[in-house]
Amino acid sequence: MFTLISKQLTFSALKSPSIHRSLSSSTTNLNNPNSFTVSYLINSCGFPLDKAISASKFLNFKTPDKPDSVIQFFKSQGFTQTQISQIISKFPLALSCHPEKNLLPKFQFLTSLGLTSSDLVKILTARPKSLGRSLKNHLEPSMSLLRELLQSDDRTLIAIKRCAWVLDWDFQANMVPNMKLLRDVGVPGSKMMYVLTYQPRDFLVGKEQFKSVVDEVVGMGFDPTKTSFMLAVHAIRSMTKTNWEKKMGTYEKWGWSKDEILMAFRTDPWCMMKSEEKIDTVMDYLVNKMGFETSVVAKNSLLISLSMEKRIIPRCVVFEYCLKKGLVKDKRSFSWWLRCSESIFVKRLERYEKEAPDVLKLYRKKLDLAS
């Protein structure tokens, strides 16, 4: 999987601007000698005056023919006027591209990867900078490397759809060294492949920044051979230090010690990725409504990630019902009731049908309310 690590990938960096407004050409004449370009950007592309002037330093139209042809090209590919404005706002140099020579071959290449027209509209509206990359020197070798790393066309498509940035980032400068680092600390290729497929953005960061995150996860005691190691990397990469501290404060408010929070994070890294509101909602229900100890929830941190409406509330209602009926003897078993799969849970309720004929009906009623 890592035999291609030393490939050279090259690309060129390009910039951007935004939406609909009209100003008189006399105003633009006072601000910029390239008044036609400025006027076009304002009147046809919706740029504010300051951004139009800034973008005009890199563009120079004498007539509307070329930029009009670019706009018409995007329309022919299924982009709406709003989406075209967003593209040009983020990547004004698109207007200097030749539709047939520069843009069409890139669209054809991306389509050859298996991306549909609607995929392209979504991806390129989000990341139009990709259109400024060289087809031969960047897009083709980058996608070839990504495909070989993921060992699957399907996984490659998923990665592109999950993160349009993979089309224009320099793999040689960040992704490849970061994967080497993970391999060196003992992360199996299969674990890296999963994250590269579903969270490729985790790898698209400078080597030093990525190393600091990996070192932090190692220092927390995560096992590099387990899936939780990569989930922890993703969790820490996904939030700022400020947000991390806010989550810590939320758990501490519910009586969790720092050691309990770290234990919970090692058990289920997703517990630190939930919003403060979600954490409060789950804790309030389990502690104040159900009467469970906060320390018990800390030992079962997976519960924080469960849906209140579709999992926690319906099953807790049934749990209380079964407690009253004497079908459940130990209240500490509640975590099993919330964590087990739907099929296993329903089978358990079916066993109680003789003593409590309404138990399944009650459960399904609560589920229907959540739908």
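K289 comes out as partly exposed, at 46% relative accessibility; partly exposed is the range between buried, under 20% relative accessible area, and exposed, over 50% (1.4 Å probe, protein chains only). This is a predicted model, where local features need pLDDT of at least 70 and side-chain atom pairs count only at pLDDT 80 or more, while totals for chains, interfaces and linings use all residues. Residues are numbered from 1 along each chain as its sequence is written, and side-chain values use heavy atoms, with hydrogens and water left out.

K289 forms a salt bridge with E320, with 3.6 Å between the closest N and O atoms. A salt bridge here is a side-chain nitrogen of Lys or Arg within 4 Å of a carboxyl oxygen of Asp or Glu. E320 lies in helix α18 (residues 308–324) and K289 in helix α16, so the pair ties together parts 31 residues apart in sequence. Helices are DSSP runs of H or I, at least four residues, numbered from the N terminus. E320 is partly exposed too, at 27%.

The structure has twelve salt bridges. Among them, R147 pairs with D153 at 3.0 Å between the closest N and O atoms.

Next, the loop between α8 (135–150) and α9 (153–162), which contains Q151. Its phi is near 60°, positive in a residue other than glycine. Most residues other than glycine have a negative phi.

Last, α14, residues 241–253. Which residues of α14 are buried? They are W244, K247, M248, T250 and Y251. The face turned away carries the exposed residues K241, E245 and K253.

Terms used:
Helix = DSSP H or I, 4+ residues; strand = E, 2+ residues; numbered from the N terminus. Expected span 1.5 Å × (residues − 1).
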